[in-house]
Amino acid sequence: MKTISISIDVEWAHKEVINDLFQLLNERDIKATLFCTHEGIVSHQHERAIHPNFRPDGDAIKHIKKELGSRFESCPSPEIYRRVIEYTRQFVPEAKGTRSHCLFSDFDLIIQYEKCGIEYDSSYFLPLNTGLRPLMKERNIVELPFYYMDHMDIQLQTTKFDIKNLKLDEPGLKIFGLHPNMVYINAQTEKHYIESKVAYHNPKELINYRRDGWGIRTLFIALLDYIKDHNLETKTLGEINDEFRASLIHDLPTKEHDLTPETINS
Ligand SMILES: [Zn+2]
């Protein structure tokens, strides 16, 4: 498997900044998966999934605190998780997939994803590892581990924004994770990105932070051009999920029960 997939963590970006990224994709007729954070994200031909924010200072938790009032403090974590998923899903009712903001993970979270009808999760980050593939987790949730993240690249300078270092010839599923603001400013370092945050929601100001030279934008464009020039196969995460499920012979048990193996066999 050498499939390439482009995913975008929408990250509360301004519409114009998101449209700028769409333009880069649409010019090359490449479909992506959008992990949505807020309402009004128009999918065009792209897939929409959810990007729930479980952080205590995040938008979803603030909303739930207001909704529950004094009951919030005694609210069990699984219920909070369910409410965060539902809060995000109202913007994307058709979502089958999720990537949690900041890759938050918890044993009880998977149960809530199952209850909310989520089929795949792409929150497991395994940077530039060869041989990645879809995997089945518990509760019939497919994990689609992702291969590249722009934020890691500006922090650790892993690829030095050179397409050769993306190892596109190596075997394995390659899911790329991008953020609209980082593409828009051609982010080069963490410091550069942090400085640009004062203009986060103001594209006319934000454009002043766009830098020349190699950065996330130039690497992203080089990747998209490479895909087109080499006629490489791209799929949305939803398509990968569907194909992987169709290839499975047996589903793992998903229903909880109190029967022990002894009682089942008797
Ligand atoms: Zn995020």
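A crossing of two helices is called right-handed if the near helix is turned clockwise from the far one by less than a right angle, and left-handed if the turn is anticlockwise. That term will be needed at two of the stops below, and throughout the tour it should be kept in mind that the model is a predicted one.

**The whole chain**

Begin with everything selected and coloured by secondary structure, and the chain shows 11 helices together with nine strands. Its radius of gyration is 20 Å, close to the 18 Å that the globule rule gives for 266 residues, so the chain is as compact as a globular protein of that length. Of the 266 residues, 36% count as buried, and among the contacts between residues at least 6 apart in sequence, 72% join residues at least 24 apart.

**Helices α2 and α3**

Next, select residues 59-68, which form helix α2, and residues 77-89, which form helix α3; their axes come within 10 Å and cross at roughly 110°. An angle from 65 to 115 degrees counts as roughly perpendicular, and α2 and α3 are therefore roughly perpendicular to each other. The crossing of this pair is right-handed. To see where the two helices touch, show the side chains of A60, I61, H63 and I64 on α2, and those of I80, R83, V84, Y87 and T88 on α3. The residues of this contact divide into six nonpolar, two polar and one charged.

**Helices α3 and α4**

On the α3 side the contact is made by S77, P78, Y81, R82 and I85, which meet D108, L109, I111, Q112, Y113 and K115 of α4. Here the residues of the contact divide into six nonpolar, two polar and three charged.

**A13 and its surroundings**

Now move to A13, which is found in the loop between β1 (4-9) and α1 (15-26). Is this residue buried or exposed? A13 has 26 C-beta neighbours inside 10 Å, and it therefore counts as buried, the cut-off for that class being 20 or more. Leaving aside its neighbours within four places in sequence, A13 is in contact with I18, P180 and N181. Select N202 as well, and draw a distance between the two C-alpha atoms: A13 and N202 are 189 residues apart along the chain, yet these atoms are separated by 9.3 Å.

**Two residues with positive phi**

Select K167, in the loop between α5 (150-156) and β9 (174-178), where phi is near 50°, a positive value in a residue other than glycine. With 16 other C-beta atoms within 10 Å, K167 is partly exposed.

Finally, go to N231, which lies in the loop between α9 (216-229) and α10 (237-247). N231 has a positive phi of about 55°, although it is not a glycine, and with 6 C-beta neighbours inside 10 Å it counts as exposed.

Notes:
Residues are numbered from 1 along each chain as its sequence is written. This is a predicted model: local features need pLDDT of at least 70, side-chain atom pairs count only at pLDDT 80 or more; totals for chains, interfaces and linings use all residues. Helices (H or I, at least four residues) and strands (E, at least two) are DSSP runs, numbered from the N terminus. The radius of gyration is taken over C-alpha atoms; the globule rule is 2.2 Å times the number of residues to the power 0.38. A residue is buried if 20 or more other C-beta atoms lie within 10 Å of its own, exposed if 12 or fewer, and partly exposed in between; C-beta atoms are placed from the backbone. Two residues are in contact if their C-beta atoms, placed from the backbone, lie within 7 Å. Axes are lines fitted to C-alpha atoms, for helices over the stretch in contact, and angles run from 0 to 180 degrees between N-to-C directions. Angles under 35 degrees count as roughly parallel, over 145 as roughly antiparallel, 65 to 115 as roughly perpendicular and the rest as oblique. Ala, Val, Leu, Ile, Met, Phe, Trp, Tyr, Cys and Pro count as nonpolar, Asp, Glu, Lys and Arg as charged, and the others, Gly among them, as polar.
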